[in-house]
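Let's take a walk through this model together, strand by strand and charge by charge. Please have the sequence and the 3D view at hand.

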Amino acid sequence: MSALTIEGWCKPSGAEKSTPIGEVRFYVDGPLHEHLEAAEERLQETQEREAMVDVDMNTLDLIIPEGYGPLSDCQMRVYLQHSRGQFHLVGHRASDGSLVYTNAVLIDQLID
């Protein structure tokens with residue numbers, strides 16, 4: 001399992017720019033890691049732009065800076081950059097639907 005602490009961002013509906021919100025913490029367990037790798041392989045085979053991977057909120061153990069949670073939904077967006085799979089957390093703030101997301105991480109840097 002990998003414990004990650006990544007810079008988070010918030011983009012309210014209609015806003016031109018995202019603003020930093022501080023550190024977002026979560027865990028990537030074995031099953032989620034496998035789903036991320038499978039999405040990466042599928043993107044490499046199909047040339048699709050991106051894939052969304054559902055997460056189990058019970059094992060994600062998500063910690064978002066105060067005032068930016070809870071999220072009404074949460075997924076991992078997987079995409080390829082230079083043929084390498086990357087992912088980042090994407091969700092929407094329950095109170096107003098603002099987009100909340102993190103910087104990206106390389107899938108192959110996760111620890112099994």
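In which sense do strand S4 and S5 pair, and over how many bridges? Strand S4 (residues 71–81) pairs with S5 in the antiparallel sense, over ten bridges. Two strands are taken to pair if DSSP finds at least two bridges between them. Helices (H or I, at least four residues) and strands (E, at least two) are DSSP runs, numbered from the N terminus.

A word on what you are looking at: this is a predicted model, in which local features need pLDDT of at least 70 and side-chain atom pairs count only at pLDDT 80 or more, while totals for chains, interfaces and linings use all residues. Residues are numbered from 1 along each chain as its sequence is written, and side-chain values use heavy atoms, with hydrogens and water left out.

Strand S5 covers residues 84–93, and eight of its ten residues are buried. Buried here means under 20% relative accessible area, exposed means over 50%, and partly exposed is in between (1.4 Å probe, protein chains only).

Gln86 finds its bridge partner in S7 at Leu106.

**Salt bridges**

A salt bridge is counted when a side-chain nitrogen of Lys or Arg is within 4 Å of a carboxyl oxygen of Asp or Glu. By this rule there are five salt bridges, and the table shows some of them.

| Arg | Glu | Closest N to O |
|---|---|---|
| Arg25 | Glu23 | 3.1 Å |
| Arg77 | Glu50 | 2.7 Å |

Because Arg77 lies in strand S4 and Glu50 in strand S3 (residues 50–54), their pair ties together parts that are 27 residues apart in sequence. Glu50 is partly exposed, with a relative accessible area of 31%.

How open are the other two pairs? Arg25 is partly exposed at 39%, and Glu23 is partly exposed at 45%. Glu48 is partly exposed at 38%, and Arg42 is partly exposed at 37%.

**A negative patch**

Which residues form a negative surface patch? They are Glu34, Glu37, Glu41 and Glu45. Patches are made of residues with over 30% relative accessible area and no salt bridge, with like charges joined within 9 Å and nonpolar side chains (Val, Leu, Ile, Met, Phe, Trp, Tyr) within 5 Å. Asp and Glu count as negative, and the place of the charge is CD for Glu.

Glu45 is placed in helix H1 (residues 30–46), and Glu34 is in helix H1 too. Glu45 counts as exposed because its relative accessibility is 67%. Glu34 also counts as exposed, at 56%. Finally, Glu34 and Ile107 are 73 residues apart in sequence, and their C-alpha atoms are 9.8 Å apart in space.

Notes
Accessible areas come from the Shrake-Rupley method with a 1.4 Å probe; for residues, only the protein chains shown count as cover.
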